[in-house]
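Subject: Structure handover

Hello,

Here is the structure you were expecting. Please open it next to this message. My notes follow below.

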Amino acid sequence: MTLDTALLGQLDAEAQQENPSSAFAAIGGAVAVSAVVEEFYTRLLLDPALVDFFTPLVESDGLSALKRHQVLMLTKVLGGPDRYSGRDLRAAHAHLTITDEAYRRVSLHLLTVMHDFKVPMDILQAADDILRSVSSLIVTGAAGDAR
Ligand code: HEM
C-alpha cells in the first residue's frame, strides 16, 4: 500500500466533511487514487520509452516516496484534501530534460489507467485539461533529445 491505512482513512474522512461532491470522492477516495498510482508506475516502468527516467529512483529506493507524493498530488488536484508536501512540479522535473513526447506518453498512461479503473469521462476530461495546463512546468527538453 502506498500510504498507510491511517492516512488513507484521514483523507477520506476529511474529503467527506469538506467536499463530499469532489472528483476525489466520486472515484472512490484515497484507496482508489492509491490503486491508480500503483498501476500508473507499474506501466511507466514497463514502457521502454520511459523506464530510463525512473531507473535511478528505483535504484535509490525513491519510488515509494514518489508514489506517495503522486497520491497526495492527485488527491489535491481532484478536489480532495491538500496534504501535498513534495516539491513544486517545475522544481521536481527541472533536471530530467523531459520532452513533449515523453510528457504526452506519461499523460496517456495516467489517463488510460484512470479509464481502466472506470473513472467517469467528465473526470477524465478534467484530468486531461489539468495535464495540458501543467505541461510547460515539466517539459524542458527539445524534440529529439536522446534518452
Ligand atoms: C504528467 C504530469 C506529471 C505529474 C502530475 C507529475 C508529478 C510528479 C510529482 C508529484 C513528483 C514528486 C515530487 C517530489 O517528490 O518532490 C514527481 C517527480 C518525478 N517525476 Fe513527475 N509528474 C508528471 C510528469 C512526469 C514525466 C512526463 C516524467 C518523465 C518522463 C516524470 C518523471 C518524474 C521523475 C523521474 C520524478 C522524480 C524526480 C526525483 O526525485 O529526482 N514526471 N512528478
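How are α1 and α3 oriented to each other: roughly parallel, roughly perpendicular or oblique? Keep in mind that this is a predicted model. The two helices pack at an angle of about 125°, and their axes lie 7 Å apart. An angle over 145 degrees would count as roughly antiparallel, and 65 to 115 as roughly perpendicular. α1 and α3 are therefore oblique to each other. On the α1 side, the contact is made by L8, L11, D12 and A15. On the α3 side, G29, A30, V31 and S34 make the contact. By class, this contact of α1 with α3 has 5 nonpolar, 2 polar and 1 charged residues.

Next, the core. The largest nonpolar core has 24 residues. Which of them touch the most other members? They are V33, V36, V37, F40, V71 and M114. Five helices each supply at least two residues of this core: α1 (5–18), α3 (29–46), α5, α7 and α8. Leaving aside residues up to four places away in sequence, V33 touches F24, V71, L74 and T75. As general background, nonpolar side chains in soluble globular proteins tend to be buried together.

Now the ligand. There are 22 residues around the ligand. H69, G86, R87, A92 and V106 come nearest. Which elements give two or more residues to this shell? They are α4 (51–59), α5 (63–77), α6 (89–93), α7 (100–116) and α8 (121–138). By class, the shell holds 15 nonpolar, 6 polar and 1 charged residues.

- Q70 sits in helix α5. Is Q70 buried or exposed? Q70 is buried, because 21 other C-beta atoms lie within 10 Å. Q70 and V37 are 33 residues apart in sequence, yet their C-alpha atoms are 7.0 Å apart in space.
- S64 is also in helix α5. S64 has 12 C-beta neighbours inside 10 Å, so S64 counts as exposed.
- R90 belongs to helix α6. R90 is exposed, because 12 other C-beta atoms lie within 10 Å. R90 and I138 are 48 residues apart along the chain, and their C-alpha atoms are separated by 5.6 Å.

- D61 is in the loop between α4 and α5. Phi of D61 is near 65°, a positive value in a residue other than glycine. D61 counts as exposed, because there are 8 C-beta neighbours inside 10 Å.
- K118 is in the loop between α7 and α8. Phi of K118 is also near 65°, again a positive value in a residue other than glycine. K118 is exposed, because 9 other C-beta atoms lie within 10 Å.

To recap: α1 and α3 are oblique, the largest nonpolar core has 24 residues, and 22 residues surround the ligand.

Best wishes

How values were computed:
Residues numbered from 1 in each chain as written. Predicted model: local features only at pLDDT ≥ 70, side-chain atom pairs only at ≥ 80, totals over all residues. Near = placed C-beta within 6 Å. Helix = DSSP H or I, 4+ residues; strand = E, 2+ residues; numbered from the N terminus. Nonpolar A, V, L, I, M, F, W, Y, C, P; charged D, E, K, R; others polar. Core = buried A, V, L, I, M, F, W, Y, C linked by C-beta atoms within 7 Å. Buried ≥ 20, exposed ≤ 12 C-beta atoms within 10 Å, placed from the backbone. Contact = placed C-beta atoms within 7 Å. Axes fitted to C-alpha atoms, helices over the stretch in contact; angles between N-to-C directions. Parallel < 35°, antiparallel > 145°, perpendicular 65-115°, else oblique.
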